[in-house]
Every structure is written in structure tokens, then in C-alpha cells.
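Subject: Structure for you to look at, with notes

Dear colleague,

I am passing on the structure that we spoke about, together with my notes on what was found in it. Please open it alongside this message and read the two together.

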Amino acid sequence: MHKRLTNARDMLGLKFRFDVILDDGASTIAVGEHYLARMRHWRFKADQKADADAWILRAHSDLEGLPCILILAGANRIGNTFPRSLKYFDLRALNMPTCTRAELEQELGLCYH
């Protein structure tokens with residue numbers, strides 16, 4: 001799904017409008033270089049270039065203000081919350097053969113923490 005969305009975005013000429021981010025829960029969250037540079041610029045002043053170059057995305061909350069589609073696959077990161085700028089949360093792709101109420105509440109709680 002990630003590759004298809006990325007290809008569609010690029011074909012429509014929207015590569016620099018929003019990013020498509022895949023988070024598998026095990027590896028680091030990969031963000032396009034253009035958006036990583038934008039996030040570093042937002043977070044650091046001009047005289048903090050050394051800090052900005054070393055900064056990497058560690059949590060979903062670091063995506064604050066970044067126009068993106070975030071695809072979650074695999075295990076959720078413990079204690080992670082979504083940014084306050086998150087506008088939509090789509091549960092259609094939620095892949096749980098037996099979804100209990102507690103699991104559903106946990107998924108929704110990540111959005112509104």
C-alpha cells in the first residue's frame with residue numbers, strides 16, 4: 001500500500017506537498033529527505049545547525065504539522081501518541097481478526113491523547 005500511494009502521489013506531481021510514511025513498529029520511522037529537512041528547519045534556529053543535522057524522527061508526535069499520510073503496520077510503539085495536528089484516523093485497514101473492545105479503545109486512544 002505504501003509503494004502504491006507513493007507512486008500515485010508522485011504521478012500527480014504532489015511529491016513536495018505531502019509525504020507517505022510507513023511505520024512497521026520495529027525500525028526507525030523513515031521520512032523523505034525533503035520533509036526531514038523541513039522538520040529540522042521548523043525545530044531548530046539557524047545557529048543550532050549541528051543539533052539540527054543530528055536530529056532524527058523518533059516518535060509519531062514528532063510529525064506535528066507535517067502534511068503526511070502515516071501507514072501503521074505491525075506492532076505499535078509503546079507509549080507513542082499521534083501529533084495534535086492529526087486530522088483523520090482511518091480504521092478500515094485495521095487488520096485484527098478478533099478485535100476486542102479494549103484493543104479498539106487503545107487504537108482510538110492513541111489519536112486523542
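Is threonine 6 buried or exposed? Threonine 6 is buried, because its relative accessible area is 14%, where buried means under 20% relative accessible area, exposed means over 50%, and partly exposed lies in between (1.4 Å probe, protein chains only). Please keep in mind that this is a predicted model, in which local features need pLDDT of at least 70 and side-chain atom pairs count only at pLDDT 80 or more, while totals for chains, interfaces and linings use all residues. Residues are numbered from 1 along each chain as its sequence is written, and side-chain values use heavy atoms, with hydrogens and water left out.

The overall plan

The protein chain has four helices and two strands, and its elements run α-β-α-α-β-α from the N terminus on; helices (H or I, at least four residues) and strands (E, at least two) are DSSP runs, numbered from the N terminus. Of its 113 residues, 26% count as buried. The protein chain exposes about 8400 Å², of which carbon and sulfur atoms supply 56%, with areas computed by the Shrake-Rupley method using a 1.4 Å probe, and with only the protein chains shown counted as cover for residues.

Threonine 6 is found in helix 1 (residues 2–11), and its side chain reaches the backbone oxygen of histidine 2 at 2.8 Å.

Strand 1 pairs with strand 2 in the parallel sense over five bridges, pairing being assigned if DSSP finds at least two bridges between two strands. Within this pairing, leucine 22 stands opposite isoleucine 71 in strand 2. Strand 1 is mostly covered, with four of its five residues buried.

Aspartate 19 belongs to strand 1 (residues 19–23) and counts as buried because its relative accessible area is 5%. A polar atom of the aspartate 19 side chain lies 2.9 Å from the backbone nitrogen of glycine 32. Leaving aside neighbours within four places in sequence, aspartate 19 is in contact with several residues, including Arg9, Tyr35 and Cys68, where contact means heavy atoms within 4.5 Å.

The buried residues of helix 2 are Tyr35, Leu36, Met39 and Arg40. Seen down the axis of helix 2, these residues fall within an arc of 140 degrees, so they line one face of the helix; the arc is that of the directions from the helix axis to the C-beta atoms. What covers them includes strand 1 and helix 3.

The largest nonpolar core has 12 residues, among them Ile21, Val31, Phe44, Trp55 and Leu63; such a core is a set of buried Ala, Val, Leu, Ile, Met, Phe, Trp, Tyr and Cys residues joined through side-chain atoms within 4.5 Å. Helix 2 (residues 33–43) gives the largest share of this core, three residues. Leucine 63, not counting residues up to four places away in sequence, touches Ile21, Met39, Arg43, Leu57, Cys68, Leu70, Pro83 and Ser85.

A buried loop histidine

Histidine 60 is placed in the loop between helix 3 (49–54) and strand 2 (68–72), and counts as buried because its relative accessibility is 5%. Apart from neighbours within four places in sequence, histidine 60 is in contact with residues including Asp23, Ile29, Leu72 and Phe82.

With best wishes

Definitions and conventions. Polar contact = N/O pair within 3.5 Å; in protein donor to acceptor, adjacent residues only side chain to side chain.
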